[in-house]
Amino acid sequence: MRRPVYLDHHATTPMDPRVLEAMLPYFTEKFGNAASRSHAYGWAAERAVERAREQVAALLGAAPQELVFTSGATEADNLALKGALELYTQRGDHVVTVATEHKAVLDTCAWLERSGRARVTYLRPRPDGLLDLDAVAAAIEPRTVLVAVMAANNEVGVLQPLAELGALCHERGVLFFTDAAQALGKVPLDVEAQRIDLLACTAHKLYGPKGAGALFVRRRDPRVRLAPQQHGGGHERGMRSGTLDVPAIVGFGAACALAQEEMAAEAARVGALRDRLWEGLRSRLDGLVLNGHPERRLPGNLNVSFVGVEGEALMMGMRDLAVSSGSACTSATLEPSYVLRALGVHEELAHTSIRFGLGRFTTTEEVDFAVETTVRAVERLRALSPLWPPAGAPSPGPAGAVAAGEPGP
Amino acid sequence: MSAWSPAVLEHFERPRNAGALDPADPDVGTGEVGERAHGDLIRLQVRVRDGRIAEARFKAFGCGVAIAATSLATERLLGLDLAAARALRDVELAAALALPPVKIHCSVLVEAAIRRALEDWERKQAGPAAGGPVNADEEEAPCR
């Protein structure tokens, strides 16, 4: 078992060795520029890119021509939001999104507002992290261009009802954009069944390389058009100029092909490990609060507040685990996780939160080690804490009574 | 974030003088600083005997550096006379723990806790009517 045990798969994933193997020739003998039309080096690179495009498209239920390769999900988010708002000025100037979106969406929305390009409505999800469809319906205005709702949240793993959101947006004649960086390859996505018009994703969250991502842009019913945000050469049908990173794109395709084949089995296995982690923690510790919906979440996600123990101290106390915290102790702002705050989690509890992210290569042994390590650190730090046991509650009660619920199978 | 200094890890892993003294004891001074909503709350207590710090205890809810700095402070306080205890400065703690600039606030908070604890003890000596621990009643710089 390699230490620290990596339980931060929402940040990034280790590359699958099979992905690396697929990529390697494109660094060396197959080094051509996919835009070179005049010789075999270019043709080979172009073939590889087009094969990858098919592999990514297949995982989304999309047509290959509907994909624009980018450097990652952040660029895809920028292209979707800025590109749509620039092109659809006739139709309107309003965006509906959610307070729990990734910063790649929120910061882009803030820029659209600041530069006078759009007005943005930020919806607050329910305490379990799910979006209320009625709130979305009520927020759509005559001048709304686009609704942006992420598929799976990067902190609490909550899965939004994409099909219902897609149907609603389609019915109201507004574009439905989803950032699926965390969801791709972990839960089924289908741009047709879910009526998604724009979808951003990235390779490194599903065991592919960093540096490759894609934006799905619907071609029919409706045909979505975007103003390009990067010019110079007209690559990717003019939507994203710049020489393609062929090895990374090949890796992205290979990662998607693997996910398509293994996703169902992997989700069941990783979900069972996540449940084992949660059961292990709550059978031995009181005062745990599960953040986010107990069932509608990514199989590998567990976000827990440990009452009375500050998150950064807890991470220092379990340096054999690579996890992350919603604590703000080292961030530039005083605020703890804005995602947890938007869910209505009290500031103090947000400071005590730890995000565990399990993945493809996580083992039972690692999960059991994580339980042991976490329990030991929490008990030790609670003995030092002036907030434990909680005032007015000499026996804080079993975790089940405090927790919002438990993850499903 | 870079790795922590050996001194931070040492005090974090083996905190000195963790625990509590009876805040109602006339020889005990209690200082509480920080704000739980900001992710830090430090309670530092001293027992003064014959003009010296005879005992020191702490409890801390906060980042690992806040815990380490409070532990170090209790260690330094033990045996000091009151003048020396009042003169213990955050910069000494920060230097001993090799704190990065982003964590200096933790040691500042600990110095405030020491000051509050000594003030509480002094108030108790002034008369029984003035007793009671001093709590965080003014805005403290959060530990970050």
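The contact between chain A and chain B takes 24 residues from chain A and 27 residues from chain B, where contact means heavy atoms within 4.5 Å. This is a predicted model, in which local features need pLDDT of at least 70 and side-chain atom pairs count only at pLDDT 80 or more, while totals for chains, interfaces and linings use all residues. Residues are numbered from 1 along each chain as its sequence is written, chains are lettered from A and ligands numbered from 1 in the order in which they are written, and side-chain values use heavy atoms, with hydrogens and water left out.

Let me stay with the interface. The size of an interface is often given as the accessible area lost when the parts come together. Here the area buried between chain A and chain B is about 2,300 Å², and carbon and sulfur atoms give 65% of it; buried area is the accessible area, taken with a 1.4 Å probe, that two parts lose on being put together, summed over both.

Which charged pairs cross from one chain to the other? The count between chain A and chain B is four salt bridges, a salt bridge being a side-chain nitrogen of Lys or Arg within 4 Å of a carboxyl oxygen of Asp or Glu. One of them pairs A:Arg319 with B:Glu13, with the closest N and O atoms 2.9 Å apart. On the side of chain A that touches chain B, the elements giving two or more residues are helix 8 (311-317), helix 10 (347-351) and helix 11 (364-384) of chain A. Helices (H or I, at least four residues) and strands (E, at least two) are DSSP runs, numbered from the N terminus.

The residues on that side of chain A divide into 11 nonpolar, seven polar and six charged. In this division Ala, Val, Leu, Ile, Met, Phe, Trp, Tyr, Cys and Pro count as nonpolar, Asp, Glu, Lys and Arg as charged, and the others, Gly among them, as polar. Between chain A and chain B there are also nine residue pairs in polar contact, both residues at pLDDT 80 or more. A polar contact is a pair of N or O atoms within 3.5 Å; within protein, one must be able to donate a hydrogen and the other to accept it, and residues adjacent in sequence count only if both atoms are side-chain atoms.

I turn to salt bridges in general. Over all chains, the structure holds 35 salt bridges. In one of them, A:Asp8 meets A:Arg355, with the closest N and O atoms 2.9 Å apart. This pair links distant parts of the chain, 347 residues apart: A:Asp8 is in the loop between strand 1 (5-6) and helix 1 (17-23) of chain A, and A:Arg355 is in strand 13 (residues 353-357) of chain A. A:Asp8 counts as buried at 13% relative accessibility, and A:Arg355 counts as buried at 11%. Buried means under 20% relative accessible area, exposed over 50%, and partly exposed in between, with a 1.4 Å probe and protein chains only.

In chain B, the side chains of B:Glu122 and B:Arg86 meet in a salt bridge at 2.7 Å, N to O. B:Glu122 belongs to helix 5 (residues 104-126) and B:Arg86 to helix 3 (residues 82-86) of chain B, 36 residues apart. B:Glu122 is partly exposed at 29%, and B:Arg86 is partly exposed at 41%.

Next, A:Gln182. Is this residue buried or exposed? A:Gln182 is buried, with a relative accessible area of 5%, and lies in the loop between strand 6 (175-179) and strand 7 (198-202) of chain A. A polar atom of the A:Gln182 side chain lies 2.9 Å from the backbone oxygen of A:His10. Leaving aside neighbours within four places in sequence, A:Gln182 is in contact with residues including A:His10, A:Asn153 and A:Leu298.

On the cysteines: the count is zero disulfides over all chains, a disulfide being a pair of cysteine sulfur atoms within 2.5 Å. For A:Cys169, the nearest cysteine sulfur, that of A:Cys109, is 14 Å away. A:Cys169 is buried at 0% relative accessibility, and B:Cys63 is buried at 0% relative accessibility.

Finally, the backbone. The peptide bond from A:Arg3 to A:Pro4 is cis, with omega near -5 degrees, and A:Pro4 sits in the segment before strand 1 of chain A. The bond from A:Trp388 to A:Pro389 is cis, with omega near -5 degrees. A:Glu236 has a positive phi near 50 degrees, though a residue other than glycine; A:Glu236 is buried at 7% relative accessibility.
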